[in-house]
Amino acid sequence: MVSLMHFQLLSAALFAIGLYGVLARRSAVLIVMSIELMLNAVNINLIATASHLGYRDAGEVFANFDGQIIAIFVITVAAAEVGLALAIILRIYRNRSTVNVDEIDLMKW
Amino acid sequence: MSWFLFILLSVFTLGGALAVVATRNVVHAALALLVSLVAVAGIYLILYAEFLALVQVLIYGGAIIIVLLFAIMLTRSGEYPRISDNRQWPLAVVAALGVLGVLVPAFLIRGVDQSRPHHPDFPELANSLFTRWAIPFEVASLVLLVALIGAIIIARTGEDGR
């Protein structure tokens with residue numbers, strides 16, 4: 001039987017892969033993709049927890065899907081974030097002809 | 001059957017994710033991300049979250065991947081020779097393994113009272129979304145509106161052509 005723990009381990013692995021991508025990739029587009037992976041890891045965790053943990057009332061277990069609703073909000077924010085990230089990447093490309101984050105060092109002290 | 005589906009979808013999810021962070025071709029990375037995200041939709045189906053699986057395929061598979069592909073094509077970032085990882089990748093490996101080393105033991109300690117997977121149906125979900133979570137729902141739509149207006153303002157070309 002697949003239990004909550006297995007979904008949580010999957011989400012931990014996905015989150016770690018996404019974190020590696022954010023820290024190690026050079027292109028801003030690839031960094032945005034890695035952020036999407038991390039957000040998906042969080043969503044797996046939220047939905048797995050929501051579907052495995054109900055609340056008990058008078059000895060009976062009821063479904064509690066607040067986690068699913070929070071996951072809907074996470075997806076909304078992810079969509080907004082990708083739109084803004086595309087706009088910023090296009091702007092940077094137009095001004096500096098590159099999207100490599102280690103060449104965008106104007107604000108680096 | 002449940003195990004078989006879980007293992008299969010996990011392999012696709014993690015394999016796609018590894019391809020995203022390892023490939024040298026940006027377009028291949030976007031397609032690998034699509035594989036990973038659709039496999040995550042399958043994971044939601046195992047968890048009895050049909051609505052979320054639908055939303056995942058529509059928004060991630062339909063919208064976000066397309067937007068990312070537009071970003072790749074408009075910036076020609078595929079043509080850059082030094083597209084690979086930067087110098088700090090060993091540090092990134094250490095950080096990722098560190099996070100994994102914290103999360104995995106935390107998840108292995110089973111302190112929660114588990115029950116079987118529930119099966120909330122659409123009306124219950126909609127009821128909860130539009131009663132208890134109505135104000136956060138409206139705020140989320142406002143966030144989306146403001147973000148998209150901001151994106152248009154940032155990305156548009158001004159009168160001087162810049």
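Ala48(A) is buried, with 26 other C-beta atoms within 10 Å. Buried here means 20 or more other C-beta atoms within 10 Å, exposed 12 or fewer, and partly exposed in between, with C-beta atoms placed from the backbone. This is a predicted model: local features need pLDDT of at least 70, side-chain atom pairs count only at pLDDT 80 or more, and totals for chains, interfaces and linings use all residues. Residues are numbered from 1 along each chain as its sequence is written, while chains are lettered from A and ligands numbered from 1 in the order written.

**Ala48(A)**
- Ala48(A) sits in helix α2 of chain A; helices are DSSP runs of H or I, at least four residues, numbered from the N terminus.
- Beyond residues up to four places away in sequence, Ala48(A) touches Leu4(A), Phe7(A), Gln8(A) and Leu47(B).
- Contact requires C-beta atoms, placed from the backbone, within 7 Å.
- Arg25(A) lies 23 residues from Ala48(A) along the chain, and their C-alpha atoms are separated by 29 Å.

**Nonpolar core**
- The largest nonpolar core has 68 residues. Such a core is a set of buried Ala, Val, Leu, Ile, Met, Phe, Trp, Tyr and Cys residues joined through C-beta atoms within 7 Å.
- Leu14(A), Val29(A), Met33(A), Ile44(A), Ile47(A), Tyr44(B) and Leu68(B) have the most contacts inside this core.
- Two or more core residues come from each of α1, α2 (28–52) and α3 (66–96) of chain A, and from α1 (2–22), α2 (26–46) and α3 (50–75) of chain B.
- α2(A) gives the most to this core, with 14 residues.
- Leaving aside neighbours within four places in sequence, Ile47(A) contacts Gly67(A), Gln68(A) and Ala71(A), and also Tyr44(B), Leu47(B), Ala49(B) and Leu52(B).

**Chain A against chain B**
- The contact takes 66 residues from chain A and 75 residues from chain B.
- On the chain A side, α3(A) gives the most, with 21 residues.
- That side has 46 nonpolar, 15 polar and five charged residues. Ala, Val, Leu, Ile, Met, Phe, Trp, Tyr, Cys and Pro count as nonpolar, Asp, Glu, Lys and Arg as charged, and the others, Gly among them, as polar.

**α1(A) and α4(B)**
- The axes of α1 (residues 4–24) of chain A and α4 (residues 89–108) of chain B come within 8 Å and cross at roughly 165°. Axes are lines fitted to C-alpha atoms over the stretch in contact, with angles from 0 to 180 degrees between N-to-C directions.
- The two helices are therefore roughly antiparallel (over 145 degrees).
- Their contact residues divide into 22 nonpolar, one polar and no charged.

Technical notes: Angles under 35 degrees count as roughly parallel, over 145 as roughly antiparallel, 65 to 115 as roughly perpendicular and the rest as oblique. Two residues are in contact if their C-beta atoms, placed from the backbone, lie within 7 Å.
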